[in-house]
Amino acid sequence: MNVLLLNGSPSANGCTYTALWEVAGALEREGIQTEIFHAGKGPVAGCTGCGACKETGRCMIDDGVNRAIEKAKEADGLILGAPVHYGGAAGVMTTFLDRLFYAAGGFFAYKPGGALVSCRRGGATAALDRLNKYFTISCMPVVSSQYWNMVHGNTPEEVRQDLEGMQTLRLLGQNMAWLLKSIQAGRQAGLPIPQAEPRIRTNFIR
Ligand SMILES: Cc1cc2nc3c(=O)[nH]c(=O)nc-3n(C[C@H](O)[C@H](O)[C@H](O)COP(=O)(O)O)c2cc1C
């Protein structure tokens, strides 16, 4: 089994990476393969709502989102990591995820998802809520830990000093490994995934 970890920071090896690395280590110790993908690299275009992805499962704009979609489809679980920017998840990450989930969110149903954020001081819970929303609209079981998945620091070294935060992230990794193994055991025992009703969509209009 394998888990894809998306780093939504502009920094490839900054605080968010340090946090993801801690989760990845815990997963690896449980026998789960991991890959950290740098989603925040370079400018990321916003979703134009063109709808082309509904036909292809791919985004018309090719700036790394499609590569992540292919990897996420192959993965058994997904971890999203973002720095906090102005009290929310960094725009580069939400832009990336808007397009990734709009194009391919349907492929992630019943894959466990976990989110984490890194901040210097404030805004972590709002940012975390934003990331978790991608899972909760995609039938993805959300993995939790002993505290909200956040670390505090302005440098990787400061993040490593956040002992409670790092412990929370190691448990997040262990919990995801446990859930992945539980899902696999259920599948092997013949437990089917829920059959969804035909989708009803309503717009609120008067
Ligand atoms: C544009 C910008 C806005 C930021 N806004 C916040 C904020 O609202 N709250 C906070 O605690 N830290 C804020 N920070 C600091 C980062 O969230 C923090 O240093 C984080 O750990 C950096 O992670 P990274 O190294 O993975 O990018 C901001 C940083 C930048 C560059």
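Student: What does Thr125 touch, leaving out residues up to four places away in sequence?

Tutor: Thr125 touches Trp148 and Met150, with residues up to four places away in sequence not counted. Keep in mind that this is a predicted model.

Student: Where is Thr125 found?

Tutor: Thr125 is part of helix H5.

Student: Is Thr125 exposed, partly exposed or buried?

Tutor: Partly exposed, because the relative accessible area of Thr125 is 41%, and that class runs between the 20% and 50% cut-offs.

Student: How far apart are the C-alpha atoms of Thr125 and Gly46?

Tutor: They are separated by 24 Å, and the two residues are 79 residues apart along the chain.

Student: Back to H5. What should its 13 residues span?

Tutor: H5 covers residues 124-136, and at 1.5 Å a residue these should span 18 Å. The C-alpha atoms at the ends of H5 are 18 Å apart, so the two values agree.

Student: Which residues of H5 are buried?

Tutor: Ala124, Ala127, Leu128, Leu131, Asn132, Tyr134 and Phe135 are the buried residues of H5. Around the axis they cover an arc of only 140°, so they are on the same side of H5.

Student: And which exposed residues are on the face turned away from that buried side of H5?

Tutor: That face carries the exposed residues Lys133 and Thr136.

Student: Which residues in the largest nonpolar core touch the most other members?

Tutor: In that core of 37 residues, they are Leu6, Leu80, Phe96, Leu100 and Leu131. At least two core residues each come from strand E1 (2-7), helix H3 (65-74), E3, H4, E5 and H5. H4 supplies the largest share, 8 residues.

Student: What does Leu80 touch?

Tutor: Not counting residues up to four places away in sequence, Leu80 touches Leu6, Met93, Leu97, Gly114, Ala115, Leu116, Leu131 and Phe135. There is also a second, separate core of 21 residues, and Leu5, Val159, Leu169 and Leu179 are among them.

Student: New topic. How many residues line the largest pocket?

Tutor: The lining of the largest pocket has 20 residues, and those nearest its centre are Gly105, Gly106, Ile137, Ser138 and Arg199. The space in this pocket is about 690 Å³. H4 gives the most to the lining, with 4 residues.

Student: What about Val44, where is its place?

Tutor: Val44 is in the loop between strand E2 (33-38) and helix H2 (53-56). Its relative accessibility is 16%, so Val44 counts as buried, the cut-off being under 20%.

Student: What does Val44 touch?

Tutor: Val44 touches Ala39, Asp63, Val92, Thr95, Phe96 and Arg99, again not counting residues up to four places away in sequence. Val44 and Ile61 are 9.3 Å apart, C-alpha to C-alpha, and 17 residues apart in sequence.

Student: Last one. What is the phi of Tyr86?

Tutor: About 50°, a positive phi, although Tyr86 is not a glycine. Tyr86 is in the loop between E3 and E4, and with a relative accessible area of 89% it is exposed. Cys139 also has a positive phi, near 55°, in a residue other than glycine. Cys139 is in the loop between H5 and E6, and at 47% relative accessibility it counts as partly exposed.

Conventions. Residues are numbered from 1 along each chain as its sequence is written. This is a predicted model: local features need pLDDT of at least 70, side-chain atom pairs count only at pLDDT 80 or more; totals for chains, interfaces and linings use all residues. Side-chain values use heavy atoms; hydrogens and water are left out. The expected span of a helix is 1.5 Å times one less than its number of residues. Buried means under 20% relative accessible area, exposed over 50%, partly exposed in between (1.4 Å probe, protein chains only). The arc is that of the directions from the helix axis to the C-beta atoms. A nonpolar core is a set of buried Ala, Val, Leu, Ile, Met, Phe, Trp, Tyr and Cys residues joined through side-chain atoms within 4.5 Å. Contact means heavy atoms within 4.5 Å. On a 1 Å grid over the protein atoms alone, a cavity is a set of points where a 1.4 Å probe fits but cannot get out, and a pocket is an open set with protein on both sides within 12 Å along at least five of seven lines; lining residues have an atom within 4 Å of a point. Grid points are joined across faces, edges and corners, and a volume is the space filled by probe spheres set on the points.
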